[in-house]
Amino acid sequence: MSQMVRIATRKSALALWQAEYVKAELEKHHPGIMVQLVPMSTQGDKILDTPLAKIGGKGLFVKELETALLDGRADIAVHSMKDVPVAFPEGLALQTICPREDPRDAFVSNRYASLAELPAGAVVGTSSLRRQCQLKARRPDLVIKDLRGNVNTRLAKLDQGDFDAIILAAAGLIRLGFQQRIAGWLAPEQSLPANGQGAVGIECRADDPRIQQLLAALHDADTADRVLAERAMNRRLQGGCQVPIGAYAELDGDTLWLRGLVGSLDGGQILQAEAKAPRQQAEALGVQVAEALLAQGAAALLAAAYQER
Ligand SMILES: NCc1[nH]cc(CCC(=O)O)c1CC(=O)O
């Protein structure tokens, strides 16, 4: 009998792209396998009019998918690692991390070629506190407005003229075929990416060796070690909620280089720390960079960001 795998996925274009990608990879590595998508709506998709940080943060995008796994309605769930809370539920495993797409933030505008070209008072759309604080630190003269919705919705709002520019993850734009809309890339020095940005992870039941065996072929160890360090940093700094934190790791041979950032919402204060370690010590590296940020006062900034919501 042929193997069957059911993929729980959100219905947004990006989520469906990622699920189709995993389906195609499974079919490539395991000829004859049957793969089925099980699309579902999550709280994060239903509530579109409120800033994410106010309604409980990123976990809203994954909870329904995880329930489907635990109920046996699906075998795997495909996530943007950025949206997966750092505290992980019991009974589930997230061991498979696919090769990372471009992790940078992208500048998208119909009028201006770069951030530097934006005039004072220009309106920039982003809903991420991380992007907001780094943007305000660099350009306090800009007006930052909240921008929710999936990638297509955000582009539509830009095209309607609601914003002079918007900032989005390059990965989502590239995956959906909107690469030509990227006017400029923000280097990590300008906008340190979120932990896991650009990486797709596959979650399954912890006690499902059949599925785990099938997934092994899709795993990318380089991406996994980078994301492990990034998530360890976020975990040491707090829990799950949306906060102005950047965490970005690169690999040079077998050496991981992790950079971390915590900011105030108004961009008035930006704390930064970085360290290097052998890739085998990814988690310890994350904790080390987090502690360097805490030593500079990160806890107070995060508490203030939490209060303001
Ligand atoms: N928070 C929504 C979300 N989750 C993952 C991506 C982009 C793709 C990725 O980072 O893998 C996006 C959109 C964005 O931030 O612009």
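Residue numbers start from 1 in each chain, following the sequence as it is written. Because the model is predicted, local features require a pLDDT of at least 70 and side-chain atom pairs count only at pLDDT 80 or more, whereas totals for chains, interfaces and linings use all residues. The protein has a mean pLDDT of 92, with 93% of its residues at 70 or more, pLDDT being the predictor's confidence in each residue on a scale from 0 to 100. For the complex, the predictor gives an ipTM of 0.95 and a pTM of 0.93.

The domain assignment, whose bounds come from an automatic or database source, is set out below.

| Domain | Residues |
|---|---|
| domain 1 | 1-98 + 199-219 |
| domain 2 | 105-186 |
| domain 3 | 220-309 |

The centres of domain 1 and domain 2, taken over C-alpha atoms, are separated by 27 Å, and each of these two domains supplies at least three residues to the shell around the ligand. That shell consists of S80, K82, D83, V151, L168, A169, A171, G172, Q197 and G198, where a residue is included if its C-beta atom, placed from the backbone, lies within 6 Å of the molecule. Strand 8 (165-169) and helix 6 (170-175) are the elements that give two or more residues to the shell; helices (H or I, at least four residues) and strands (E, at least two) are DSSP runs numbered from the N terminus. By residue class, the shell holds four nonpolar, four polar and two charged residues, with Gly counted among the polar ones.

V151, a member of the ligand shell, also belongs to helix 5 (residues 151-159), where V151, R154 and L158 are buried, that is, have 20 or more other C-beta atoms within 10 Å of their own, against 12 or fewer for exposed residues. Seen down the helix axis, the buried residues of helix 5 fall within an arc of 65°, so they line one face, while A156 and D159 are exposed on the other side. The buried residues pack against helix 1 (13-29), strand 5 (105-108), strand 6 (123-125), strand 8 and helix 6. Just after helix 5, G161 adopts a positive phi of about 95°.

In strand 5 lies V108, which counts as buried because it has 22 C-beta neighbours inside 10 Å. Leaving aside neighbours within four places in sequence, V108 is in contact with residues including L158, L168 and R181, a contact being a pair of C-beta atoms within 7 Å. V108 and I167 are 59 residues apart in sequence, yet their C-alpha atoms are 6.2 Å apart in space.

Key
Arc of directions from axis to C-beta. Contact = placed C-beta atoms within 7 Å.
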